[in-house]
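Student: Please take a close look at one part of this model, the contact between the chains. I would like the details and the cut-offs behind them.

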Amino acid sequence: MALHKYLPHTDDSVRQMLEACGVASLDELYADVPAELRLKGKYALPEALAESEIAYAFDSLMRRNLPLVCFAGAGAYDHYTPAAIPAMLSRSEFATAYTPYQPEISQGTLQYIFEYQSMMCSLTGLDVSNASMYDGATATAEAMIMAVNSARKRRRVLVSATLNPATAAVVNTYARYHRIAVEVIPQKDGVTDRAELEMMLGAGDVAGVIVQTPNYRGLLEDLSGWADLIHAAKALLIINTPAIALASVKSQGEWGADIAVGDAQSLGMPLNYGGPYLGYMCTTNALMRKMPGRIVGATTDELGQRVFVLTLQAREQHIRRQKATSNICSNQGIMTLHAAIYMSLMGADGLREVNRISANAAHYLASELQNTGKMKLSNPSKPYLNEFTMTMTDPYTTGQLLDALKQRGILGGVAIDDREVIIAVTEKRTPQEINEYIETVINL
Amino acid sequence: MNRKLYDKLIFDHSCPGRGGYDLPHRIYPDVKLPEDLLRTDTPALPEVDEPTVVRHYTNQSTNNFGVDTGFYPLGSCTMKYNPKINEALAANPAIAGLHPHQPADTVQGALQLYYMLQTMLSEIGGMGEFTLNPFAGAHGELTGLMVIHAYHDSRDDAARTKVIVPDSAHGTNPASAAVAGYEVVEVKSLPDGTVDLDDLRSKLDGTIAAVMLTNPNTVGMFERRIPEIAEAVHAAGALLYYDGANLNPMLGVARPGDMGFDVMHINLHKTFSTPHGGGGPGAGPVGVRKGLEEFLPNPRVVKTDDGRYDIITDSPSALGRISSWLGNYTVFIKAWAYILSLGANGVAKVGPLATLNANYVMHALRDLYLLPIEGPCKHEFVFDGLIDKSTGVTTLNIAKRLLDLGFHAPTIYFPLLFHESLMIEPTETESRETLDAFIAAMRRIAQEAAENPEIVKTAPHDTPARRPDDTEAALHPKVKFADL
Amino acid sequence: MIYYLPTHEYARIEDNIAYIGISKFAAQQLGNVVYVDMPEEGDDVTAGEEFGAIESVKAASDLYSPVSGAVIEINEHLIDNPRLVNEDPEANWIIKVEMNEPADLEKLLSPEAYAELCAKEQH
């Protein structure tokens with residue numbers, strides 16, 4: 001009888017190996033662990049289940065979820081995942097490798113990271129990309145720390161009020177412990193108030209400014225002139241944009257940003273109840289050596305072949321310890337592969353098509369919802385892509401709306417409060433689903 | 001692994017007019033957005049069809065080495081087998097489609113699994129409660145230090161501005177402490193690799209917020225004086241942090257909570273078999289002893305009195321938020337399935353068998369490789385290069401020669417305690433035959449070093465890529481296709 | 001006159017000007033230099049405090065200033081060719097500082113004292 005299917009040893013081999021080590025029992029290998037620290041009795045864990053039983057237990061749990069047709073966004077978007085992606089991601093040679101410490105036998109990982117970096121640079125219009133950010137929120141927090149480190153002694157960071165509140169919460173947490181003073185730039189009609197930004201910059205001591213477009217409410221921010229203003233104050237401009245939107249809206253490079261960050265989940269990554277996603281970060285050549293995380297570079301090997309290696313490692317924790325640019329110590333391997341394959345399959349045209357179809361459907365839904373008279377666009381004069389914010393007309397509430405939609409199997413959006421709701425539409429939403437949404441509102 | 005380099009980039013396959021996508025036809029009218037907010041250029045992405053993409057990445061994968069390819073004794077990384085049922089469950093479309101903003105009453109199963117894993121990890125760690133939210137081991141360390149910071153803040157104890165780490169610690173420990181706003185103080189190691197308790201005592205005062213340790217430590221030795229260390233740390237008003245990088249050998253043997261640790265993280269991608277994914281995504285759950293639960297980050301999954309599960313998003317005493325949502329959810333599914341597969345008895349076998357494998361390899365090689373620290377190791381051990389230093393063969397040479405012989409290299413030049421560190425961690429999922437083959441390869445390299453050192457010094461000879469020019473890469477960085 | 005810090009920076013003094021770089025010993029220990037992070041002209045430096053960093057492929061160290069004063073020039077050759085530091089670290093200084101606190105020099109090591117320190121570190 002085998003010990004367990006993941007554990008190859010038999011009783012005999014254990015005995016022989018103990019003998020080779022010159023000990024009588026497995027216990028003797030732990031003679032240095034004081035008796036009072038030893039585990040008493042058995043773990044209070046379930047008994048072992050067979051694979052078929054685990055699958056059954058899992059399916060039973062999953063049946064306790066109610067799958068809903070997704071009209072929610074707020075940082076996570078229900079775009080389609082082409083089948084070729086999971087097929088490639090599941091290749092063991094990719095999935096069961098670790099950080100490419102040995103470039104001679106890790107060219108697979110190194111190459112796809114290099115491809116990913118190339119594509120992200122192209123999308124953001126900046127010079128260099130890392131491959132290490134966990135998600136868009138932590139990437140934004142890391143960008144804030146990077147700005148403060150670059151500024152040497154200035155420790156004020158201005159954050160737009162239109163930043164996704166979950167991102168803002170992560171930024172504030174990092175700032176609290178890293179002793180960075182975060183101040184909020186107020187909003188006006190759903191977008192960042194530029195006059196306020198100018199005043200706050202005028203007060204001096206600013207290391208960086210963080211703004212998101214399309215912003216939390218889905219609105220496109222007009223950032224014309226921001227880079228000049230901010231650079232005049234010797235601060236860095238950090239722009240957060242969901243990756244897929246960059247194929248259509250002005251990129252961080254075009255706005256003159258110093259650091260581009262955001263979540264790459266919108267590149268066809270499954271919602272997966274919140275993760276794993278992928279954060280991206282790109283910056284300028286000037287700031288390359290201040291950037292956190294792993295970077296892959298091209299070089300040649302001794303045969304003259306073009307090969308790839310982890311490079312610029314002197315920034316990192318294994319060399320710099322407490323003086324590193326970040327504590328991050330790996331690359332988000334398989335998620336960067338997902339992003340690279342998605343962008344390869346879609347190309348620039350495909351990404352723009354996804355945005356076009358999603359935006360058209362979103363605008364149709366918004367206008368039909370206005371026609372019901374029960375809700376109206378919160379910021380009707382402001383442009384948006386595929387996500388928009390609506391205000392309920394009295395006496396309707398967002399609670400009522402979302403409950404009624406849930407009865408029809410629809411996740412109707414993300415409520416800001418009792419009155420406002422953010423709704424996102426992707427290319428996956430069918431006309432039937434969109435009509436169902438509208439009918440539900442008509443029948444409220 | 002393919003021994004020939006597949007050197008094409010996806011951009012090399014690009015051809016104008018090709019594409020690898022199709023999209024549904026929709027009848028809605030086209031929207032006109034203001035031109036000045038739109039992108040003016042076309043991003044330079046490749047134009048390729050689906051068969052080309054699939055063949056390209058399949059070929060790339062053959063130039064990679066994973067646990068499924070061969071033995072991967074990378075010290076401190078616990079490269080154990082990644083079970084396939086875990087992957088099958090995590091790929092379930094029922095999870096793929098769940099938006100993190102779905103209301104709690106529509107995700108009761110998902111929350112229950114989170115809660116079950118949290119509870120099982122608490123049992124294994126001897127802790128009061130775990131958050132699964134941190135995205136990685138380093139993120140777990142940062143979160144754990146923030147818990148400690150929030151705890152001291154709650155007592156208005158602002159004088160604690162420093163964190164103590166051993167000089168043998170992984171670089172992430174001091175780096176995490178710095179991100180969490182702490183100054184780093186190093187404590188010395190004794191010749192046997194354990195913490196110098198006298199040096200530690202001399203540094204413990206009212207300015208110390210925490211002491212970070214791994215146990216067993218980075219040289220694979222158990223800190224047997226851990227009860228005294230814990231007592232000294234607590235007497236000074238500081239908290240004791242357990243870096244879970246080396247938890248694997250403790251499964252079935254001892255729990256960090258019982259050793260006196262207050263806060264810990266676990267790398268699910270090490271101890272709990274979730275794949276390393278070429279570097280990520282992993283997960284770094286953080287556990288705290290009873291009494292510190294309130295400081296765990298938002299959002300937090302709780303079980304209500306009526307047996308349902310809920311999400312707390314705004315607990316005021318929480319350290320704040322370190323993630324938008326509940327972390328890398330599909331990684332939790334894999335760790336959950338792994339624990340259920342082994343069960344209470346199987347989990348308890350993991351530690352001793354991992355330790356057996358490490359000791360077996362150590363004993364079989366110690367006549368040729370320099371063992372700087374005597375005594376049974378735990379899950380891993382460190383050689384300080386070959387015993388015979390006269391050949392000039394270095395640890396780097398040995399590592400590269402192993403690649404020729406079909407093995408991944410151990411961790412090299414870490415820990416920093418020795419000049420020629422070669423850190424070997426075999427894990428419990430390797431058979432005796434695999435270990436014997438590795439031992440034979442290491443013995444062969446020692447023999448080559450003595451008889452024909454050039455073959456070792458010029459290795460690798462039989463890998464798809466050969467020794468790269470790292471200096472050129474750092475001197476003139478080429479970090480994207482356009483730079484080539 | 002040339003003086004050293006125990007962190008291996010030198011200050012070669014000509015009148016009121018200090019040419020600051022890293023010692024031969026430090027350059028050897030570091031290996032192939034790939035990047036030198038320098039301050040800007042006009043920045044102030046303070047004796048004993050960081051003014052930049054120097055990187056090789058597998059190591060990095062912060063650069064500490066032996067003296068206080070204003071940076072009047074940075075060695076721009078090092079931007080394109082950081083390996084000059086390896087070739088001749090004392091000829092290829094990193095920054096040129098106009099000193100405002102000559103008493104700083106009293107706290108620095110003489111060439112003899114510094115040589116002794118290096119001899120110790122090698123063992």
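Tutor: What follows goes through the contact between the chains, then some backbone details.

This is a predicted model, in which local features need pLDDT of at least 70, side-chain atom pairs count only at pLDDT 80 or more, and totals for chains, interfaces and linings use all residues. Residues are numbered from 1 along each chain as its sequence is written, chains are lettered from A and ligands numbered from 1 in the order in which they are written, and side-chain values use heavy atoms, with hydrogens and water left out.

Start with chain A and chain B. The contact takes 184 residues from chain A and 200 from chain B. Contact means heavy atoms within 4.5 Å. The two chains bury about 16400 Å² between them, and 63% of that lies on carbon and sulfur atoms. Buried area is the accessible area (1.4 Å probe) that two parts lose on being put together, summed over both.

Salt bridges between chain A and chain B number 8. The term requires a side-chain nitrogen of Lys or Arg within 4 Å of a carboxyl oxygen of Asp or Glu. Glu302(A) and Arg466(B) form a salt bridge through their side chains, at 3.6 Å from N to O.

Now the helix pairs. Two packed helices are described by the angle between their axes and the distance between the axes. Helices (H or I, at least four residues) and strands (E, at least two) are DSSP runs, numbered from the N terminus. Axes are lines fitted to C-alpha atoms, for helices over the stretch in contact, and angles run from 0 to 180 degrees between N-to-C directions.

Take helix 5 (residues 107-124) of chain A and helix 1 (residues 50-61) of chain B. Their axes come within 7 Å and cross at roughly 135°. Helix 5 of chain A and helix 1 of chain B are therefore oblique to each other. Angles under 35 degrees count as roughly parallel, over 145 as roughly antiparallel, 65 to 115 as roughly perpendicular, and the rest as oblique. Helix 5 of chain A brings Gly108(A), Gln111(A), Tyr112(A), Glu115(A) and Met119(A). They meet His56(B), Tyr57(B) and Gln60(B) in helix 1 of chain B. By class, this contact has 3 nonpolar, 4 polar and 1 charged residues. Here Ala, Val, Leu, Ile, Met, Phe, Trp, Tyr, Cys and Pro count as nonpolar, Asp, Glu, Lys and Arg as charged, and the others, Gly among them, as polar.

Next, helix 2 (residues 51-62) of chain A packs with helix 4 (residues 108-125) of chain B at about 130°, with axes 7 Å apart. These two helices are therefore oblique to each other.

Chain C and chain B bury about 490 Å², 64% of it on carbon and sulfur atoms. On the chain C side, Val34(C), Val57(C) and Arg83(C) lose the most area, together 73% of what that side buries. The salt bridge count for chain C and chain B is 0.

Last, the backbone of chain A. Most residues other than glycine have a negative phi, and most peptide bonds are trans. The bond from Thr213(A) to Pro214(A) is cis, with omega near -10°. Pro214(A) sits in the loop between strand 7 (206-212) and helix 9 (226-232). Asp394(A) and Pro395(A) are also joined by a cis peptide bond, with omega about 0°.
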